Amino acid sequence: MKHTGLSVFLQQQIEDQSLIRVLEALARSCVRISTSLRQGALADVLGALESENVQGETQKKLDVLSNDVLLHELAACGAVAAMASEEMEDPVLAAGKAPYLVVFDPLDGSSNIDVNVSVGTIFSVLLAPKANELTDPGIWLQPGRTQVAAGYAIYGPSTQLILSVGQGVHQFSLDPLTSQFVLTQERMHVPEATAEFAINMSNQRFWERPVQQYVTELLQGKEGPRAKNYNMRWVASMVADVHRILTRGGVFLYPLDERILSQGGKLRLMYEANPMGWLVEQAGGRVSTGHGCILDLRPEKLHQRVPVMLGAAEEVRYLEALHKAQA
Ligand code: P6P
């Protein structure tokens with residue numbers, strides 16, 4: 001069966017050639033990152049560095065390598081004015097006068113690399129301001145709903161690129177023989193209801209009451225108020241958990257807990273919650289802090305963290321009702 005190539009698909013979907021250049025640069029980056037990951041121990045790219053990132057997390061060699069690949073490809077494409085990354089304190093200028101900003105998590109879930117579990121690259125494309133405003137930190141603080149494009153690559157048994165430009169969520173698979181992404185699914189969909197949830201249960205004693213109640217009810221199964229049995233999955237790689245939800249449904253939670261209250265949450269707004277939440281909403285799901293849609297938040301800082309609940313709309317709305325009832 002002949003599959004449509006990514007570039008052909010983008011030309012069919014998008015008139016703006018600059019946006020196509022950005023998305024093709026992101027795709028090239030993901031192919032290069034996938035290749036490095038596949039080499040793994042054979043290329044001395046595993047393991048940790050002495051350095052820490054802005055999050056205070058020890059950087060893996062592949063974190064830095066992936067970040068450098070994205071910086072190079074995006075700067076070279078000529079359509080990106082500036083870039084920001086989970087791995088860097090401050091944004092970096094690229095082409096200067098150009099239409100787009102790109103913010104990314106170059107290798108999400110990297111703690112899983114050394115145990116050979118799926119990881120990913122998450123990206124979000126925003127409109128750039130006029131060239132003379134590029135050093136203003138406020139240009140990055142755009143609500144998730146204003147994203148021009150968003151997506152992720154998942155480096156698993158196969159490498160896949162999932163992206164949207166606001167007209168549905170589409171899946172491309174990397175053909176290892178040609179190193180090209182080809183369309184393998186159009187219009188991914190998150191079912192309204194689910195019987196599968198994803199959360200790190202080891203944090204249960206620290207959660208706020210609405211999440212405690214929510215998960216307790218799920219675990220009560222058919223005998224409980226939800227009147228059905230639920231399955232649980234937790235990969236501890238957001239890209240893998242969200243990809244499962246876009247592929248077969250489900251609900252994902254990384255809620256506040258008393259240990260991270262001061263940080264505002266664990267996951268990052270600009271390059272995890274917003275791009276992933278926008279994709280999920282595009283696919284018919286919902287994304288929330290528990291108190292309201294994440295995509296409507298006005299970001300206050302580039303590396304801001306938020307509580308995240310996303311996936312099956314029925315479950316996210318139920319969680320919001322529990323938060324409202326216990327407010
Ligand atoms: P925990 C990976 O480090 C990450 O940022 C997300 O990809 C993932 O969902 C979460 O953290 C896992 O967190 O506390 O379960 O290790």
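1. Helices (H or I, at least four residues) and strands (E, at least two) are DSSP runs, numbered from the N terminus. Under this scheme, Glu-196 belongs to strand β11, which covers residues 196-198. The structure is a predicted model, in which local features need pLDDT of at least 70 and side-chain atom pairs count only at pLDDT 80 or more, while totals for chains, interfaces and linings use all residues. Residues are numbered from 1 along each chain as its sequence is written, and side-chain values use heavy atoms, with hydrogens and water left out.

2. Glu-196 is buried, with a relative accessible area of 10%. Buried means under 20% relative accessible area, exposed over 50%, and partly exposed in between (1.4 Å probe, protein chains only). The side chain of Glu-196 also makes a polar contact, at 3.5 Å, with the side chain of Arg-244. A polar contact is a pair of N or O atoms within 3.5 Å; within protein, one must be able to donate a hydrogen and the other to accept it, and residues adjacent in sequence count only if both atoms are side-chain atoms.

3. Arg-244 is one of the buried residues of helix α5, as are Met-238 and His-243. Nine of the 11 residues of α5 are buried, so this helix is largely enclosed by the rest of the structure. After α5 comes Gly-249, with a positive phi near 90°.

4. Helix α6 (residues 269-282) is mostly covered, with 12 of its 14 residues buried. Among them are Leu-269, Glu-272, Asn-274 and Trp-278. Gly-284 follows α6, and its phi is positive, near 100°.

5. Which residues are closest to the ligand? They are Asp-108, Asn-200, Trp-234, Met-238 and Tyr-254, within a surrounding group of 13 residues. A residue is near a molecule if one of its heavy atoms lies within 4 Å of it. The shell around the ligand divides into six nonpolar, three polar and four charged residues. Here Ala, Val, Leu, Ile, Met, Phe, Trp, Tyr, Cys and Pro count as nonpolar, Asp, Glu, Lys and Arg as charged, and the others, Gly among them, as polar.

6. A polar backbone atom of Met-238 is 2.7 Å from an oxygen atom of the ligand, and a polar side-chain atom of Tyr-254 is 2.6 Å from an oxygen atom of the ligand. The elements that give two or more residues to the shell around the ligand are β13 (251-254) and β14 (267-268).

7. Asn-116 has a positive phi near 60° and lies in the loop between β5 (100-108) and β6 (119-127). At 72% relative accessibility, Asn-116 counts as exposed. Ala-236 has a positive phi near 65° and is found in the loop between β12 (231-232) and α5 (238-248). At 41% relative accessibility, Ala-236 counts as partly exposed.

8. Ala-94 is placed in the loop between β4 (92-93) and β5. At 26% relative accessibility, Ala-94 counts as partly exposed. From C-alpha to C-alpha, Ala-94 and Ser-124 are 16 Å apart in space, and they are 30 residues apart in sequence.
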